[in-house]
Amino acid sequence: MTLYSRPRAARGNALMITLVALSVLMLLVGGAIQFTNRNREAATEKIRGDRISLCADAARRHLFSRLTLHGSPTESFEAFDVQLLDNPDNTARTSMQMAHYGAYVDPEDPLNSKANLTVKEVSMETLGESKSQVASVGNVFGPGSGSVGGRYYRAVVRCQEPSANPSIRGREFEIEFLFRYGF
């Protein structure tokens, strides 16, 4: 009597190969999701940085628009603290201010605002003014006037975003610049 042994079918190998392939695919999908999430977070932070930078530029332009209202920047100029309408919640709005990093501006107290005034006159000698200075067409006040005229001022404006955590100060962006005002 001969016993014939039947060749065994390879059972279970297909199941193991499928499990390994699914595990590798799950790792790839998890990595892709994590990569996409990091890119989304980076894009969100870039947008926040661009927004606060543009807010500071808007604060600079707001300062220039106030020059016609208040005249000379150092004599009758008052500091400003303007809340932007960028969020329906009043406590989550970005503010434009005439201040340095970390300074507190109280628009209710004009004396404190005057003390923190960040527009200061700069002497023309320190800037090396001369009759043959270069000026754009927008800065020329009259034909044949050898000099542009006016006085130099140094100003500081900043924008500040609120933070979700009250113990941590929000993101700030400051611009310090020189400008010429007057004739």
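Buried residues account for 24% of the 183 residues in the protein chain. The model is a predicted one. The chain exposes about 13,100 Å², and carbon and sulfur atoms supply 60% of that area. Among contacts with a separation of 6 or more, 63% are between residues 24 or more positions apart.

The secondary structure consists of 3 helices and 5 strands. Read from the N terminus, the order of elements is α-β-β-α-β-α-β-β. Helix 1 covers residues 13–70, and strand 5 covers residues 172–181.

Of its 10 residues, 8 are buried, so strand 4 is largely enclosed by the rest of the structure. Strand 4 and strand 5 run antiparallel and are joined by 10 bridges; in this pairing Val156 stands opposite Glu176. Strand 2, residues 95–97, is also antiparallel to strand 4, with 3 bridges between them, and Ser95 faces Gln160 there. Strand 3, residues 120–122, is joined to strand 4 by 3 bridges, again in antiparallel fashion. Lys120 has Arg154 of strand 4 as its bridge partner. In a regular strand, side chains alternate between the two faces of the sheet.

The largest nonpolar core has 18 residues, of which Leu63, Met98, Val119, Val157, Phe177 and Phe179 touch the most other members. Helix 1, strand 4 and strand 5 are the elements that give two or more residues to this core. Helix 1 gives the most, with 6 residues. The surroundings of Val157 show how these parts meet: leaving aside neighbours within four places in sequence, its contacts include Ala56, Ala59, Phe80, Met98, Phe173, Ile175 and Phe177.

Phe173, one of the contacts of Val157, lies in strand 5. Phe173 has 30% relative accessibility and therefore counts as partly exposed. Residues up to four places away in sequence aside, Phe173 touches Ile52, Ser53, Ala56, Tyr101, Val157, Arg158 and Cys159. The C-alpha atoms of Phe173 and Ala56 are 6.4 Å apart, although 117 residues separate the two along the chain.

Charged side chains also join separate parts of the chain. Side chains of opposite charge can pair when their charged atoms come close. The count of salt bridges comes to 10. One of them joins Glu161 and Arg48, at 2.7 Å from N to O. This pair links the loop between strand 4 and strand 5, where Glu161 sits, to Arg48 in helix 1, 113 residues apart. Glu161 also meets Arg51 in a salt bridge, at 2.8 Å from N to O; Arg51 is in helix 1, and the two residues are 110 residues apart.

The partners differ in accessibility class. Glu161 counts as buried because its relative accessibility is 3%. Arg48, at 27% relative accessibility, counts as partly exposed, and Arg51 is partly exposed with a relative accessible area of 43%. Glu45, Arg48, Arg51, Glu161 and Arg171 are linked in a network of salt bridges.

Another salt bridge joins Arg158 and Glu172, at 3.1 Å from N to O. This pair connects strand 4, which holds Arg158, with strand 5, which holds Glu172, across 14 residues. Both Arg158 and Glu172 are buried.

On the surface, Val20, Leu22, Val24, Leu25 and Leu28 form a nonpolar patch, with about 470 Å² of accessible area together.

How values were computed
Residues are numbered from 1 along each chain as its sequence is written. This is a predicted model: local features need pLDDT of at least 70, side-chain atom pairs count only at pLDDT 80 or more; totals for chains, interfaces and linings use all residues. Side-chain values use heavy atoms; hydrogens and water are left out. Patches are made of residues with over 30% relative accessible area and no salt bridge: like charges are joined within 9 Å, nonpolar side chains (Val, Leu, Ile, Met, Phe, Trp, Tyr) within 5 Å. Accessible areas come from the Shrake-Rupley method with a 1.4 Å probe; for residues, only the protein chains shown count as cover. A salt bridge is a side-chain nitrogen of Lys or Arg within 4 Å of a carboxyl oxygen of Asp or Glu. Helices (H or I, at least four residues) and strands (E, at least two) are DSSP runs, numbered from the N terminus. Buried means under 20% relative accessible area, exposed over 50%, partly exposed in between (1.4 Å probe, protein chains only). Contact means heavy atoms within 4.5 Å. A nonpolar core is a set of buried Ala, Val, Leu, Ile, Met, Phe, Trp, Tyr and Cys residues joined through side-chain atoms within 4.5 Å. Two strands pair if DSSP finds at least two bridges between them.
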